[in-house]
Number of protein chains: 2
Amino acid sequence: MIIVAGGSGSRMGAELPKQFIELKGKPILMHTLETMHDFDAQMQLILVLPEDQMDFWEQLCYKHEWRVPHDLANGGATRFLSVKSGLELVGGDLVGVHDGVRPFVSHSVIRSCFDTAAGQVAAVPVVPIIQSLRRLNGENNVAVDRSEFRAVQTPQCFQTHALKSAFAATDRTDFSDDASVVEANGIKIQLVEGNAENIKITTPLDLELAGLIIGRRTNSN
Amino acid sequence: MIIVAGGSGSRMGAELPKQFIELKGKPILMHTLETMHDFDAQMQLILVLPEDQMDFWEQLCYKHEWRVPHDLANGGATRFLSVKSGLELVGGDLVGVHDGVRPFVSHSVIRSCFDTAAGQVAAVPVVPIIQSLRRLNGENNVAVDRSEFRAVQTPQCFQTHALKSAFAATDRTDFSDDASVVEANGIKIQLVEGNAENIKITTPLDLELAGLIIGRRTNSN
């Protein structure tokens, strides 16, 4: 599994990148890697981080005495380039790409994505859209039927050869996710059901919600 | 402002409808009405409730010694019919329609919606889509550019004559929101910026998030 943290432009400035913010006393990124390790302790974990965050990450691992085995790859200027970097380290027939700030993906979703990719090349977890949607069209906008749309989560899972071929086949680096790269190379994407708690922690409100989710999990143990 | 609570199928069964669940010791619906009353104490508030929830609502008002002035209208089998019912009570040149389970709309968003509707007939608050989107198409699905889409919130605000005309002009009752009804009658919908906290409380996770938001507000006072 390639775990992507800190995409384009994330630099260690005044504000701590989201992946390092602590939840229950531990950086979000550690929770995410632990989720994958708990799912399958044999799974290869490839963490893609901006080069200038590597030292800080090592300090965090030392400070937290944190020893989940993982490989490291230098991130690029875009998500596409970061995943491409991680992809060079991948062994095995199947590979997933997961956001570093999605610690709450369920084991059953991870399993469904890998199982589906094993049989049908490419699979992504999706959830229904709750809100009404409008589509912008120049100066205009129009109501669209939300039931025709799905919101995409990660891990996005693939047969490794298909992901490598897709990344090698294009010069575009502006893809918003990895399924889009594979789709652009002619592969059909299979949809599997995601889990509602599998949020991408990107806003202060998300962070508070993440605190709630992790608190609830701890309490139910 | 028409406040719509408990759309199609909501009945007082084993599970308490969301609008009556308490946040900080008070039903969500009371928070929502208070938000509008705090914005403008002169605003006409029309609460649309399923007929079989009316007694319970009155008991709640009595129990909480809650006296925000409001009119009551019986809800219908769909959102369309509920709004149509509330619309019969509307006085004034402008009208908004707001979800009963959106207590956290900001005053500035309410103001923007009414101001824009006053000049340009119809306005809805929207926020960007954070997640990657895919569109279903029969057996297939395809990545779409999320920057072309917006998620729609409420209040949806209109010149009263336009909303009444639109509701009178159609036999369809399956519209997902009120702007769609007006749009189907040939009126262009204006988009204004919504606020991130203006969530529709529909899932247990939403409810927990709502508890956080209201706690944060209380603490910052």
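Helices (H or I, at least four residues) and strands (E, at least two) are DSSP runs, numbered from the N terminus. The model is predicted: local features need pLDDT of at least 70, side-chain atom pairs count only at pLDDT 80 or more, and totals for chains, interfaces and linings use all residues. Residues are numbered from 1 along each chain as its sequence is written, chains are lettered from A and ligands numbered from 1 in the order in which they are written, and side-chain values use heavy atoms, with hydrogens and water left out.

**View 1. Loop with a cis peptide bond in chain B.** B:Pro155 is found in the loop between strand E10 (149–152) and strand E11 (156–159) of chain B. The peptide bond that joins B:Thr154 to B:Pro155 is cis, with omega about 15°.

**View 2. Loop with a cis peptide bond in chain A.** In chain A, the loop between strand E10 (149–152) and strand E11 (156–159) holds A:Pro155. A:Thr154 and A:Pro155 are linked by a cis peptide bond, and omega is about 15°.

**View 3. An aromatic pair in chain B.** Rings of Phe, Tyr and Trp (its six-membered ring) pair if their centres lie within 6.5 Å; planes under 30 degrees apart count as stacked, over 60 as edge-to-face and the rest as tilted. Over all chains, this rule gives eleven aromatic pairs. B:Phe80 and B:Phe167 are a stacked pair because their ring centres are 4.6 Å apart and their planes are at 15°. B:Phe80 belongs to helix H3 (residues 79–87) of chain B and B:Phe167 to helix H5 (residues 160–168) of chain B, so the pair ties together parts 87 residues apart in sequence. Buried means under 20% relative accessible area, exposed over 50%, and partly exposed in between (1.4 Å probe, protein chains only). B:Phe80 is buried at 3% relative accessibility, and B:Phe167 is buried at 1%.

**View 4. An aromatic cluster in chain A.** One aromatic cluster is formed by A:Phe20, A:Phe56, A:Trp57 and A:Trp66.

**View 5. Arginine over a ring.** A charge sits over a ring if NZ of Lys or CZ of Arg is within 6 Å of the ring centre and within 35 degrees of the ring normal. A:Arg172 lies over the face of A:Phe175, 4.1 Å from the ring centre. In chain B, the charged end of B:Arg172 sits over the ring of B:Phe175, at 4.1 Å from its centre.

**View 6. Positive phi in chain B.** B:Glu65, a residue other than glycine, has a positive phi near 45°. B:Glu65 is placed in the loop between helix H2 (54–63) and strand E5 (71–74) of chain B, and is exposed, with a relative accessible area of 60%.
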